[in-house]
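Reader: Hi! I'm new to this one and would like a friendly walk through it. Could you show me what we're looking at?

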Amino acid sequence: MFPITEAKFLAPDVKRICIEAPRVARQRQAGQFVIVRVEAEHGERVPLTIADSDPDAGTITIIVQGVGKTTKLINMLEAGDALADVVGPLGEPSEIEHFGTVVVVGGGVGTAIAYPTAVAMKAADNHVIGIVGARNKELLILEDEMRATTDELHLMTDDGSYGEQGFVTQKLQQLIDNGVTIDHVLAIGPIPMMKAIADVTKPHGIKTIVSLNPIMVDGTGMCGGCRVQVGGTSKFACVDGPEFDAHEVDFTILAQRNRMYRPHEQQAVADLEADPETQVAQIKHCQLQHQHPEVGPKTK
Amino acid sequence: MADRLPPKERMKIPRQSMPEQDAEQRACNFEEVNLGLDSAIAEKEAQRCLTCADPKCSHGCPVGVQVREFVDFVLEGEYLKAAAKIREDNVLPAVTGRVCPQENQCEGACVLSKRFTSLAIGHLERFVADYERATGQVGLPQRAPATGKKVAIVGSGPAGLSCAGDLVLKGHDVTVMEALHEIGGVLVYGIPEFRLPKDIVKGEVENMRKMGVKFETNVVVGKTVTMDQLQNEEGFDAVFVATGAGLPKFMNLPGEHLGGVYSANEFLTRVNLMKAYDREHSDSPIYECRDRNVAVMGGGNTAMDAVRSALRLGAKNAYIVYRRSEEEMPARAEEVHHAKDEGVQFLNLHNPVEFLGNDEGYLTGVKLQKMELAEPDDSGRRRPVPVEGSEFVMPLDVAVIAIGTGANPLVQSTTPGLNTNKWGYIIADEESMRTTREGVFAGGDIVSGAATVILAMGAGRKAAKSIHEYLTTGEW
């Protein structure tokens, strides 16, 4: 079992969760993810990016948006509860080097994924410009963290309830139009946003990286379910990615594959919302039944 | 207890057949197909053994199970002793009794097979293992005094488990590390419930725990912990890499990204490990197969497992699409036979050339091409060549690609000094299983390429012997 040490809502349906996972905390680098299972008997495996880690405390931080059954369930857990499984760190780390000026674009909960890479980019002595967007003020997360790690930060809301009114793409376009030299762009958010960012940077030949979120099962290259079309060839997001050149990614196929189980997902969420207490009680019951006797060596 | 008949009488007994679930019924459930022998049938079958002075069957077994000896115990009604005898060489008898290709191993070597039909060794093995489990009196072999040496086993499939079992008996401190959340590797993600119930694997793993083997799930060696850390920081004196050949091969055909197109690995993992067959409870979805058309591309055991799973998920039509003829099919005859009985339709000498989809990105059909057989190729099998102008489109909702797997590169790519061949498999000495990195051994599918459970177990045993030598002498 992997105990939850902290759990706090950052926005409606978006929760920051710290989990004890000493080995993962020690190994992880920006851009990598974990696969978690919330329930030991019938739970599914979901990939979630590691937002932060504390190797000394042996904890990792994930920021979870409750959209499907499993993520909604995770967000019902509190400090003192536990996840059945946490495995990682998986995927290739972000490519971090001194590029010059780097723009980090985070859309919605995607900001949580962009944040660790922004920190690493800053540490590699880049001039980091952050553009963080959300539908409204309530949904905008990690403002303080992003402000602390960027040299300049632009906040965008669709409805203008906070920061500037508009989309992250408009801000990026504006920077380019104003003659800001941009050497590298990292964009993470909903698929349409990442595609739109790719469309903005492509005519200017600005190297743009996106972190993809396809459906995944094992996360170690075994199932091939997370295959994405990049530059006309199939890549596995779990081992070849999750980050790819945005100008090479086929976003249409990615969006289609991500819709594959929509009816099933909608049903699962409806069932959960019909009776959330029972489902959470089941998880907690299962956790008692499945106290794993095996524990990894202490890495502290 | 039965008395032994004279050899001539024994040879008159026909091979006893395995009772199985009715085909029509079983095609709708995930319960085991083979129901197991009862003691009367088992003893009658055991009578057929000729008790050869030089038992060819044991030589034919990659782990060297003492067949003649355990069959003797069966005949005497000493089933627990029979099970203990098997356990001296085989840590997973309930598993191998179910999934070994016995016809190519022990039973293929059986003297009876020359003139009659071979002794049903696999069925007898399963019988005693199941009997032992039912009594709860598992006769685990004695463990040698602790040596103080630590061994890490990477991967909990058949090769890893077999190696762990032998090493722990020799007194070493053995830890098996598994990337998934459940122990068993391909035994739990790849082989369906109706052929190998997960409880059987769990039982064998529990026995190994009792023998002293430690298990850690959710550890991806190369990611969660590196080989350097295992050897230098965590104090493992030797490491056995048994990660298998789990990288799915695709056909690189147009439309392979469509919704409804799976690798066999993903399809079987969702159905087995993630329990998608249990629609009421499982949170992992499987694309709707009920009342739809499903085709599996390939002719191996994995293809049979996938197509039979599809039937049980309610497929209206479940097809095998195989580019050669049934004669060349690599799947076990028993599996092909079971599939046919259950209603699987075989499109032999057919090959897919394109997957077709609708505007929303879902699979709607497959373009197939008819094939004919030409001269034998390097593999000795007759080479399939396309028949010009024979393409046609078949409506299809789910396609499963089961044309084989390659080497997973995770450990190799993060372990300096561990050399691989041009296909990415780890280079290891055939006898000693030593790799190019000191203290690191490798075996099973990650060295040999995709093979069978029992061959992987054989490799695990060989590695255990060699690791023990290394730990004892300290010489590399």
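**A helix across a sheet**

Author: Happy to! This is a predicted model. Let's start with helix α16 (residues 301-312) of chain B, which lies across β7 (293-297), β8 (317-322), β9 and β14 of chain B. Helix α16 of chain B runs at about 165° to β8(B).

Reader: Nice. What order do the strands of that open sheet of chain B with β6 and β14 come in?

Author: The order is β6-β14-β7-β8-β9 (chain B), an open sheet of 5 strands with parallel pairing. At the edges stand β6 (261-263) and β9 (345-348) of chain B; each has a single partner strand, so one side of each has no neighbour in the sheet. On average, neighbouring strands of this sheet are turned by 20° against each other, direction ignored.

Reader: How many bridges hold β6(B) and β14 of chain B together?

Author: There are 3 bridges between β6(B) and strand β14 (residues 398-401) of chain B, and the two pair in the parallel sense. One pair to look for is B:Y262 with its bridge partner B:V400 in β14(B).

Reader: Got it. Which strands make up the open sheet that has β16 of chain B in it?

Author: That open sheet has 5 strands in the order β3-β2-β1-β4-β16 (chain B), and the pairing is parallel. Here β3 (214-216) and β16 (440-442) of chain B are the edge strands with a single partner each, so one side of each is left without a neighbour in the sheet. Neighbouring strands in this sheet are turned by 20° against each other on average, again ignoring direction.

Reader: And which helix packs on this sheet?

Author: Helix α20 (residues 453-473) of chain B does, touching β1, β4 and β16 of chain B. The direction of helix α20 of chain B makes about 165° with that of β4(B).

Reader: How do β1 and β4 of chain B run where they are joined?

Author: They run parallel, with 4 bridges joining strand β1 (residues 150-154) to strand β4 (residues 238-241), both of chain B. Within that stretch, B:V154 stands opposite B:V241 in β4(B).

Reader: Let's switch to helices packing on helices. At what angle do α11 and α13 of chain B pack?

Author: Helix α11 (residues 158-169) and helix α13 (residues 198-211) of chain B pack at about 25°, and their axes are 10 Å apart. That angle makes α11(B) roughly parallel to α13(B). Their crossing is left-handed. On the α11(B) side the contact is made by B:L161, B:A164, B:G165, B:V168 and B:L169, and on the α13(B) side by B:V205, B:M208 and B:M211. By class, the residues of this contact divide into 7 nonpolar, 1 polar and no charged.

Reader: What about α3 and α5 of chain B, what's their angle?

Author: Helix α3 (residues 39-47) and helix α5 (residues 67-75) of chain B pack at an angle of about 130°, with their axes 8 Å apart. The two helices, α3(B) and α5(B), are therefore oblique to each other. α3(B) passes α5(B) in a left-handed crossing. The residues that meet are B:A42, B:E43, B:A46 and B:Q47 in α3(B) with B:V71, B:V74 and B:L75 in α5(B). This contact has 5 nonpolar, 1 polar and 1 charged residues.

Reader: Over to chain A, then. Which residues does UniProt list for "binding site"?

Author: The unreviewed entry lists A:C223, A:C226 and A:C238. They span 16 residues in sequence, yet no two of their C-alpha atoms are more than 9.9 Å apart, so they gather at one spot. A:C223 lies in the loop between β13 (208-211) and β14 (227-230) of chain A.

Note on methods. Residues numbered from 1 in each chain as written. Chains lettered and ligands numbered in written order. Predicted model: local features only at pLDDT ≥ 70, side-chain atom pairs only at ≥ 80, totals over all residues. Heavy atoms only, no water. Pairing = 2+ DSSP bridges. Axes fitted to C-alpha atoms, helices over the stretch in contact; angles between N-to-C directions. Contact = heavy atoms within 4.5 Å. Parallel < 35°, antiparallel > 145°, perpendicular 65-115°, else oblique. Left-handed = near helix turned anticlockwise from the far one by under 90°. Nonpolar A, V, L, I, M, F, W, Y, C, P; charged D, E, K, R; others polar. UniProt positions renumbered as here; feature names shortened; annotations may be inferred.
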